[in-house]
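Please look through the sequence and the three-dimensional structure shown here before reading on. The paragraphs below are meant to be read with both in view.

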Amino acid sequence: MSALSTIADYSSDEPRQWLTLVGRKKVLAVVHTITYAKRLLDVLSLLEADFRLQVVFTTPPHAFGDEVPRFLQQLGSPVLPWSEATHMTFDLAVAAGPRGVEQVQAPLITLGHGANYLKRVPGASDAGVAGLRRRDLMPGGKPPAAVVVPHQADLEELGRHCPEALQLAHVVGDPAHDRITASLSRRTAYRRALGLADGERLVLAVSTWGPHSFFGRFEMLLPRMVGELPPGRYRIAVLVHPNVWSGHGPWQVRTWLAWCRRLGVSVVPPEADWRSVLIAADYIMGDHGSVTLYGTLTGVPILLTGSPEPEINPRSPAATLAVTAPALSPAHPLPEQLDYAAAEYRPEEYAAIAARITSEPGRFHRNMRRLMYRLMGLGQPAHEPRAMPLPEPPTLRTWSSDRGEASA
């Protein structure tokens with residue numbers, strides 16, 4: 001009997017005889033994209049080992065959702081079709097994106113899926129800051145049970161963009177921030193697991209998605225990186241936003257990057273946990289996306305590949321980073337630019353930017369669990385929830401190829 005059938009039966013008034021645990025509280029994870037899935041997994045870890053709960057997943061239609069079913073299948077997650085999930089009642093639902101969630105019948109918690117609220121949506125009929133528009137906060141005009149934000153300053157932004165959401169808002173922190181900071185002491189272990197030799201410098205190329213992203217310039221910049229950063233002294237890893245993989249298709253992205261994989265560049269797949277690789281890096285070359293901003297937590301120099309002003313929320317820490325980190329120059333050798341970024345690096349400036357990611361550092365798990373259990377009408381488990389250090393990544397060779405296989 002499949003997990004899907006089991007959950008469907010569990011939702012009925014008369015559970016069938018093959019179920020072992022009945023009468024559980026039902027929690028629905030609404031997973032639109034792989035990016036959202038990763039954020040929700042940090043949230044759902046707060047419910048582990050609680051036999052009073054049954055967690056199920058559903059996948060609403062989304063432009064970047066094609067790879068989500070495979071991702072959830074690899075997790076072994078019970079998945080309900082969206083058409084069924086929207087006709088069932090749950091004791092709690094969590095979502096990291098707004099699309100379609102007004103159809104969910106449950107007390108719903110919505111939260112962001114990246115670092116702070118970095119991006120504007122320019123030129124559209126619903127232009128504004130992504131995550132702070134009325135359509136993001138009150139999808140379908142229906143208020144959720146709770147809107148989770150990472151920083152106290154976000155309340156002012158909510159009041160400006162959607163005053164009705166203020167009474168629903170809870171400042172709980174940022175799970176990726178807390179997992180990264182809890183793991184910084186393991187940097188040496190991550191570098192060893194990645195296969196980095198003593199003295200070898202890892203350059204991490206980070207791209208968000210969209211026409212103004214680093215990936216939009218990869219065909220010009222990656223050859224420079226490969227040609228100007230000598231092997232033995234440098235290792236290169238590429239981290240591309242899952243929306244690029246979903247939008248163009250994994251085969252196409254691997255094919256575009258096959259040549260650099262054959263030359264030893266490691267292309268981190270979208271399902272991998274990027275955070276340990278970020279911690280292991282010696283230099284970050286990134287654009288205006290969340291991962292670059294999380295890089296301010298790691299204490300290494302950042303070289304910005306582009307900061308498109310129309311797409312950056314001017315009130316966000318990304319805007320401050322854009323005028324703090326040096327910008328990539330087309331006229332000077334990359335090793336010189338990386339050395340310059342290191343020489344100009346001021347830890348206190350980057351620490352001030354990082355502090356704007358969350359006003360609840362180290363307290364996301366405590367705050368979020370309290371909110372979830374309160375909405376379910378349950379007492380919390382009698383132990384302190386903590387941000388666990390990240391597991392060790394696989395070796396970089398796992399993500400590169402010397403066999404000329406575009407589909408490996």
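This is a predicted model: local features need pLDDT of at least 70, side-chain atom pairs count only at pLDDT 80 or more; totals for chains, interfaces and linings use all residues.

Residues are numbered from 1 along each chain as its sequence is written, and side-chain values use heavy atoms, with hydrogens and water left out. The quantity pLDDT is the predictor's confidence in each residue, on a scale from 0 to 100. The protein has a mean pLDDT of 91, and 92% of its residues reach 70 or more. Over residues 10–16, however, the pLDDT is below 50, and this stretch has twelve contacts in the model beyond near neighbours in sequence. A contact here means heavy atoms within 4.5 Å. Residues 403–408 likewise have pLDDT under 50, and the model gives them ten contacts beyond four places in sequence.

We turn now to the strands. Strands of a sheet pair through backbone hydrogen bonds, either parallel or antiparallel. In this text, helices (H or I, at least four residues) and strands (E, at least two) are DSSP runs numbered from the N terminus, and two strands pair if DSSP finds at least two bridges between them.

Strand β4 covers residues 92–95. Strand β1 (residues 25–30) runs parallel to β4 and is joined to it by four bridges; V30 stands opposite A95 of β4. β4 also pairs with strand β5 (residues 108–110), again in the parallel sense, over three bridges, and here A93 stands opposite L108. From β5 the pairing continues to β8, parallel and over two bridges, with A146 in β8 as the bridge partner of I109. β8 in turn pairs in the parallel sense with strand β9 (residues 169–171) over three bridges, where V149 stands opposite V171.

Which side chains of β4 are covered? L92 and V94 on one side, and A93 and A95 on the other, are all buried. The term buried means under 20% relative accessible area, exposed means over 50%, and partly exposed lies in between (1.4 Å probe, protein chains only).

Another group of five strands forms an open sheet with parallel pairing, in the order β12-β11-β10-β13-β14. Its edge strands, β12 (266–268) and β14 (302–304), each pair on one side only. Neighbouring strands of this sheet are turned by 20 degrees against each other on average, direction ignored. Helix α9 (residues 218–228) packs on the sheet and touches β10, β11 (234–240) and β13, and its direction makes about 160 degrees with that of β11. Such angles run from 0 to 180 degrees between N-to-C directions, and the axes are lines fitted to C-alpha atoms, for helices over the stretch in contact. Within the sheet, strand β10 (residues 201–207) and strand β13 (residues 283–286) run parallel and are joined by four bridges, with M285 in β13 as the bridge partner of A205.

The loop between α13 (275–280) and β13 contains D282. D282 counts as buried because its relative accessible area is 18%. Its side chain makes a polar contact with the side chain of R191 (2.8 Å), a polar contact being a pair of N or O atoms within 3.5 Å; within protein, one must be able to donate a hydrogen and the other to accept it, and residues adjacent in sequence count only if both atoms are side-chain atoms. A polar atom of the D282 side chain also lies 2.7 Å from the backbone nitrogen of L202. Not counting residues up to four places away in sequence, D282 touches R187, R191, E200, R201, L202, V300 and P301.

The last topic is charge. Side chains of opposite charge can pair when their charged atoms come close. A salt bridge is a side-chain nitrogen of Lys or Arg within 4 Å of a carboxyl oxygen of Asp or Glu, and by this rule the count comes to 18 salt bridges. One of them joins the side chains of E157 and R315 (3.6 Å, N to O). This pair links distant parts of the chain, 158 residues apart: E157 is in helix α6 (residues 154–161), and R315 is in the loop between β14 and α15 (317–322). E157 is buried at 9% relative accessibility, whereas R315 is partly exposed at 49%.

The side chain of E360 meets that of R363 in a salt bridge (2.9 Å, N to O) and that of R366 in another (3.9 Å, N to O). E360 is buried, with a relative accessible area of 17%, while R363 is partly exposed at 29% and R366 is partly exposed at 32%. Elsewhere, salt bridges that share partners join D42, R179, D273 and R275 into one network.
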